[in-house]
Amino acid sequence: MSAVETRAVGARTVTTTRAGRLAALARAELTLLMRSKGTLVLALVVPLVLPFSARQVTEGMELEEAGLSLGAVLLTAAIGFSLLFAVYSPLTSIYVARREELVLKRLRTGELNDTEILVGAALPVVSIAVAQSVLVAIGCAVLLDTGAPQATHYTVLGLVLGLVLSAALGALTASFSRTTESAQVTSVPMVFLSWLGSGIMIPLEVLPDRVASICELLPLSPAITLIRGGWTGDLSAYDALGATATGVAWTVLAVYAVGRWFRWEPRR
Amino acid sequence: MTTNRHDDVIEVTDLRRVYGGGFEAVRGVTFSVGRGELFALLGTNGAGKTSTVELLEGLAPPADGQVRVLGHDPYRERAAVRPRIGVMLQEGGFPSELTVAETVRMWAGCTSGARPQNEALEMVGLARRSGVRVKQLSGGEKRRLDLALALLGRPEVLFLDEPTTGLDAEGRQDTWQLVRALRDEGTTVLLTTHYLEEAEDLADRLAILHEGRIAVSGTPAEVTATQPSRISFELPEGYFLGDLPPLAELGVTGHETAGRTVRLRTHALQRAATGLLVWAERAGVELRGLDVRSASLEEAFLGIAREAGAQRGDGDAGGVAGAKDKETVA
């Protein structure tokens, strides 16, 4: 206990940078994710297996009449499931677990600001989702002849909107979940709503028009529309603008809601 | 003790904190801590210690009043304050699946001017446990890990919220030694505790909080001096209270009897004790159960809790008239 030394006033010290802080936190979160086998398996396997296991259902749809290829539908489904099962759902549990273990409170006493804490914790799962999306895109291009995206910028925009929104919704859902167990329940509505209504499993094009126009307004619908539209090249500039506007609106709303309602400490 | 205003590292003015349910945990607290000083906040559970310290750490904004740490608002100017302070919360929060070393590495990546990671662990005697997961640490080891992280950035100001709770006697001594060494190196320390001997041993100055207000503050000696010393004994057979020398002449300020037991309170312990013993010697009697004790911080603490309790009783009877009382003694 002898090596006590305080910082001399005016001494040159290494100041942390935002990137450095984020990297340190993300590295710790990645280590934790690797040790949480259940979450990891779910995040890695579900998005890759689910769309293809349900292929019969997809094949039964009248895709060609809607101007869609099987490849484009399965590809988008995989990316959509990645947003739900690799980002939204695990991140909800992660935020709840860190809050209940008072990790978030302890982190807030340090140099990280609130945004950095939330972003740093999300980086590993977001990276997994990005990697999965790339992997699935390559796989579909090779095996299902989807080819390269026709309008890459729409696909990238859709993916970015989807990732940010999924993470923000995860943080928001965490605010309404008291325990990691209850987080598995509170995240179900969003998962099913998106699964069935946002064009992940059932393309909005095969739905009746009135239902489709409501489904277009669901949180993850714009991201899915942009990802698939960018790939097929069938998305008109007008539709793309509409989807982008809806997607940005949801993202801004979700990020604002997180800033307003996110719980940093357990309820007393 | 006088402190130069310009050297005040922590300045707290009429601080208030109200929780969501309307509970007012901090009700107008004012104090300051000079550079290099060790200041202790004492109080029973629920007195408002942690609620106060969290405002100083910048975890929440005060409902009213002002906090300055190193000249900044710790909540609004978080980025200016955080690199210069170290914080140990009452209950540390670390992911249970990380090892000690991984936890320190993560924290070091978020700390300006961080010490070498092993040095921090050696300071708290945890170096040999670096490969162990946090969930396998004992309660005391977790507290020491928390302390290591608080010290990691060589902070100018250290906030320690009950740093020794859950530690065994040896661990407590080690922590005290470390805190003393840090203070001697010029670190300003604000610590909360409910171990009175901890405050008596370490603190340059202290304040006793009771129900969200400072009941008394000053150096340990000053606070202790507000309380009387005590003498108790059994009256010998055949003697009455009136047979004793006049109590006022002995410097006794109050007394009570229970059966044959007499308790005297005095601020002049030597005079009172000498007078009593000389009387007993001359009378040729033995004072059974004789107990002479000077005031301690513990008595001051208990006395304040009792007084405040009694005052509250009055307040309840008389409505809310007493609510604006400023309780400052010393």
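Biologist: How many salt bridges are there between chain B and chain A?
Modeller: Four salt bridges. Keep in mind that this is a predicted model.

Biologist: Which residue of chain A forms a salt bridge with R78(B)?
Modeller: That is D114(A). The closest N and O atoms of D114(A) and R78(B) are 2.8 Å apart.

Biologist: And how many residue pairs are in polar contact between the two chains?
Modeller: Twelve, with both residues of each pair at pLDDT 80 or more.

Biologist: How many residues are in contact across the interface?
Modeller: On chain B, 47 residues, in contact with 33 residues of chain A.

Biologist: What area is buried between the chains?
Modeller: About 3700 Å². Carbon and sulfur atoms give 56% of that. In chain B, R78(B), W107(B) and C110(B) lose the most area to chain A. Together they make up 16% of what that side buries.

Biologist: Why quote an area at all?
Modeller: Because the size of an interface is often given as the accessible area lost when the parts come together.

Biologist: New topic. Which residues make the nonpolar surface patch?
Modeller: V41(A), L44(A), V45(A), L48(A), V49(A) and L135(A). The patch covers about 480 Å². Helix α2 (residues 37–53) of chain A gives the most to the patch, with five residues.

Biologist: Where is L135(A)?
Modeller: In helix α6 (residues 114–143) of chain A.

Biologist: Why is L135(A) called exposed?
Modeller: Because its relative accessible area is 56%, and the cut-off for exposed is over 50%.

Biologist: Now T155(A). Buried or exposed?
Modeller: T155(A) is buried, with a relative accessible area of 9%. T155(A) sits in helix α7 (residues 152–175) of chain A.

Biologist: What does the side chain of T155(A) reach?
Modeller: The backbone oxygen of I227(A), at 3.2 Å. A polar atom of that side chain also lies 3.4 Å from the backbone nitrogen of W231(A).

Biologist: Which residues is T155(A) in contact with, leaving aside its neighbours within four places in sequence?
Modeller: P149(A), L226(A), I227(A), G230(A) and W231(A).

Technical notes. Residues are numbered from 1 along each chain as its sequence is written. Chains are lettered from A and ligands numbered from 1 in the order in which they are written. This is a predicted model: local features need pLDDT of at least 70, side-chain atom pairs count only at pLDDT 80 or more; totals for chains, interfaces and linings use all residues. Side-chain values use heavy atoms; hydrogens and water are left out. Patches are made of residues with over 30% relative accessible area and no salt bridge: like charges are joined within 9 Å, nonpolar side chains (Val, Leu, Ile, Met, Phe, Trp, Tyr) within 5 Å. Accessible areas come from the Shrake-Rupley method with a 1.4 Å probe; for residues, only the protein chains shown count as cover. A salt bridge is a side-chain nitrogen of Lys or Arg within 4 Å of a carboxyl oxygen of Asp or Glu. Helices (H or I, at least four residues) and strands (E, at least two) are DSSP runs, numbered from the N terminus. Buried means under 20% relative accessible area, exposed over 50%, partly exposed in between (1.4 Å probe, protein chains only). Contact means heavy atoms within 4.5 Å. Buried area is the accessible area (1.4 Å probe) that two parts lose on being put together, summed over both. A polar contact is a pair of N or O atoms within 3.5 Å; within protein, one must be able to donate a hydrogen and the other to accept it, and residues adjacent in sequence count only if both atoms are side-chain atoms.
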